Amino acid sequence: MKALVAVKRVVDYNVKVRVKSDQTGVDIANVKMSMNPFDEIAVEEAVRLKEKGVLTEVVVVSCGVTQCQETLRTAMAIGADRGILVETNEELQPLAVAKLLKALADKEQPGMVILGKQAIDDDCNQTGQMLAALTDWPQATFASKVELVDGHLHVTREVDGGLETLKLSLPAVVTTDLRLNEPRYVTLPNIMKAKKKQIDIFKPEDLGVDVTPRIKTLKVSEPPKRSAGIKVADVAALVDKLKNEAKVI
Amino acid sequence: MASLVIAEHDNQSLKPATLNTVTAAIACGGEVHLLVAGKNATVAAQAASHISGVAKVLHAEADVFEHGLAEHMAAQILALSSAYSHILFAATASGKNIAPRVAAKLDVAQVSDITRVDSPDTFERPIYAGNAMATVQATDATKVITVRTTGFDAAATGSSAPVEVIQATTADAKSQFMGSEIAKNDRPELTAAKIIVSGGRALGSAEKFSEVITPLADKLGAAMGASRAAVDAGYAPNDWQVGQTGKIVAPQLYVACGISGAIQHLAGMKDSKVIVAINKDPEAPIFSVADYGLEADLFVAVPELVSAL
C-alpha cells in the first residue's frame, strides 16, 4: 500500500515574523524556511509505517514555489521514496491545495493520505478535512496513534477533554497532532541519498485545477501589544495586587 | 440572509463555546438558527432554545450523531446549507474537524478562527501564531466560519426560541466510533474557565505537577493548563496544552507557574485579562506579557500562595 504525504514550506517556527509597514502581509524575505512541523510528523509516521511493513511506498507532495523542492528533499531524507511538486507562484489557499491533492490521489491511488493538522503560517487547519470531503474518504484528524488492524485504520485522536478512537476503512485521510511521534534527525548519508530520489513536477493546469484564491487579504496588521507589568517582591504582595488592584480573586 | 450555528454539546448540555459562536453569528447580521444534531439530545436542544438572539433551534436525532463524527455531521449540515449565507462553528476540536468538510463539499473557502466580524463578508483572524492579524474578505456565496471563542463574549441566556424537530440526514459513513477516554473532573472547562493555573517544564515530573499545581487550582476554583514542554514530557494530559496549536484561552486570571513563555505558548494565552508569572529565571519571556511577575522558586512560592489565599 502506498501513502501520499503532503508537506508545506513555511517560515521556520523559531522565526518571529514582522508585519510589513504597508500592511500587505508579513515580511518573509530572507527568513529561514522549513518544513511545517506537523508535516514532518506526517512524513515520520509514514516512514515508520513503511518500516513496519504496512506501507510499501511513501510519496511526498508539496504545492507552491520552486523552492518547495528543498522541503521535498528533507522529506526524502527522512525516508520518503519520491516526491511530487505542484509548482506555482500563485497564493495557494487550503481549498486549492485540497483539490490539487485530490487530483494527485486520483492518479496515485494511495491507501492513505497523511497531512499535518495545521500549517503554522496561516494556522488554517483545513486541508486534510477538505481532501477527505473531495475524495469522499473517511477522516481522522489530530491523530496521536495510527495502527492498521485487519485492513482498517484505528486512529486515536486528540479531542477536547481527552482522546477518541475511530475505525476507518481505506483509503482514508489522517492529520497529525504533536504527540503522534518525534521525527528523527536526518543524517548526512540520507541527505545525500535523498538528492538522487525522483521529483516529478506538475503545474496546477496539468492537473485541471483552478487555484484562484477565494479569500482576499485586505490588510495585515500588528496584534495589540501587551506590555510587561510589574514585578512583585513576594507572595504577600502578589495576593494584595490580585485582590485590591486587579480584583480578580 | 441567515446564519446557522452548529451547537456543540454532549447530548445533555451545551458546550459554553456555542454561546460565543452565537455572538459572532449575530454580528454577521441575519437571523440566527442553531442546529442541535445528537442522540437523545432533547435536553441540549431545550438549553439551546434559551440562548438570546437565536430565532429557531433545529433538532435532528440519529444514533450516529451521538459522537459527532465529521461525516455524519457534514451530511446533516449540507442538507440544510442552501437556506444559509453563513455557517458557523466554534473553533474547538469538533468544529475544526467538521467545518472544512462542509466547506469543501460546498466548494467554498473556509475562514478559520475569526476574532472579529467587520461586515458580513469581512473578518479578522490571527495568523502566524497571533503575531499578525489578517483582515480577510470571503468572496464565496456561503461563508463557512470557525469562531475563536476568546474573540467574542458569550451570548446571554433567558429567551425562549421554538425548537423544530427536523428529519435527520446521515452519511454512508466509512468511519466508526470505537471508544473514548474523556477525563472526568469537576473543574471548569479550560476554554471557558475564569481562572486558569498552568504549569511548565520546571515542575519536573507528573507527580510534582499534580502536587504543586492542583492545590492552587483547587483553592482558586480554576481549570488546569500546561505548556507544550510539560505535556510532551508527560507531566500533564494532551488536552491541557495551551498554545498556538492547543487550546486558546482568555480567562480573567492566568497563573503561569514555571513556564518560560515560548511564542507558541503566548499565542494561546496572551488575551487573558490578568497574567501572573511565577518563574525563577528573571529573563523568562513570560515576564514580558505578565501583569504581575514573581521571580521565585515555584516549589516555594506556589504552596505559599495556596496558604495565603
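User: How do β15(B) and β16(B) pair, parallel or antiparallel?
Analyst: Parallel. Strand β15 (residues 274-279) of chain B and β16(B) pair over four bridges. Take Asn279(B): its bridge partner in β16(B) is Glu295(B). One caution: this is a predicted model.

User: Which sheet are they in, and what's the strand order?
Analyst: An open sheet of six strands. The order is β15(A)-β16(B)-β15(B)-β14(B)-β12(B)-β13(B), with parallel pairing.

User: Which strands stand at the edges?
Analyst: β15 of chain A and β13 (223-226) of chain B. Each has a single partner strand, so one side of each is left without a neighbour in the sheet. On average, neighbouring strands of this sheet are turned by 20° against each other, direction ignored.

User: What does β15(A) pair with?
Analyst: Strand β16 (residues 292-295) of chain B. The two run parallel and share three bridges. There, Ile230(A) stands opposite Tyr292(B).

User: What holds paired strands together in general?
Analyst: Backbone hydrogen bonds, in either parallel or antiparallel pairing.

User: OK, where's an antiparallel sheet?
Analyst: Look at the open sheet of four strands in the order β14(A)-β8(B)-β7(B)-β6(B). At its edges stand β14 (215-221) of chain A and β6 (116-119) of chain B. Each of these has a single partner strand, so one side of each lacks a neighbour in the sheet. The twist averages 30° from one strand to the next.

User: How many bridges join β7 and β8 of chain B?
Analyst: Six. Strand β7 (residues 122-127) of chain B and strand β8 (residues 132-138) of chain B pair in the antiparallel sense. Within that pair, Glu124(B) has Thr135(B) as its bridge partner.

User: And what's in the loop between β7 and β8?
Analyst: Tyr128(B), for one. Its phi is positive, about 50°, although Tyr128(B) is not a glycine. Most residues other than glycine have a negative phi.

User: Is Tyr128(B) buried or exposed?
Analyst: Buried. Tyr128(B) has 26 other C-beta atoms within 10 Å, and the cut-off for buried is 20 or more.

User: How about Asp107(B), what's its phi?
Analyst: Positive as well, about 55°, and Asp107(B) is not a glycine either. Asp107(B) sits in the loop between α4 (93-105) and β5 (110-114) of chain B.

User: Why does Asp107(B) count as partly exposed?
Analyst: Because Asp107(B) has 14 C-beta neighbours inside 10 Å. That falls between the limits: 12 or fewer is exposed, 20 or more is buried.

User: Where's the cis peptide bond?
Analyst: In chain A, between Leu170(A) and Pro171(A), with omega about -5°. Pro171(A) is in the loop between β11 and β12 (172-176) of chain A. Most peptide bonds are trans.

User: Switching topic. How many residues does each chain put into the contact?
Analyst: Chain A gives 64 residues and chain B gives 72. Elements that each supply at least two residues on the chain A side include α3 (94-108), β9 (139-149) and α6 (235-245). By class, that side has 33 nonpolar, 16 polar and 15 charged residues.

User: How many residues are in the largest nonpolar core?
Analyst: It has 189 residues. Those with the most contacts inside it are Val5(A), Ala46(A), Val60(A), Ala80(A) and Val276(B). The largest share, eight residues, comes from α3(A).

User: What does Ala80(A) touch?
Analyst: Leaving out residues up to four places away in sequence, its contacts include Val5(A), Ala46(A), Val60(A) and Ala75(A).

User: Last one: which elements make the right-handed β-α-β unit in chain B?
Analyst: β2(B), helix α2 (residues 42-49) and β3(B). The strands, β2 (residues 31-38) and β3 (residues 56-61), pair in the parallel sense over six bridges. In that pair, Ala37(B) stands opposite Ala60(B). Four bridges also join β3(B) to strand β10 (residues 163-166) of chain B, again parallel. There, Val57(B) stands opposite Val163(B).

Terms used. Residues numbered from 1 in each chain as written. Chains lettered and ligands numbered in written order. Predicted model: local features only at pLDDT ≥ 70, side-chain atom pairs only at ≥ 80, totals over all residues. Pairing = 2+ DSSP bridges. Right-handed = clockwise from strand over helix to strand, strands pointing away. Axes fitted to C-alpha atoms, helices over the stretch in contact; angles between N-to-C directions. Contact = placed C-beta atoms within 7 Å. Nonpolar A, V, L, I, M, F, W, Y, C, P; charged D, E, K, R; others polar. Core = buried A, V, L, I, M, F, W, Y, C linked by C-beta atoms within 7 Å.
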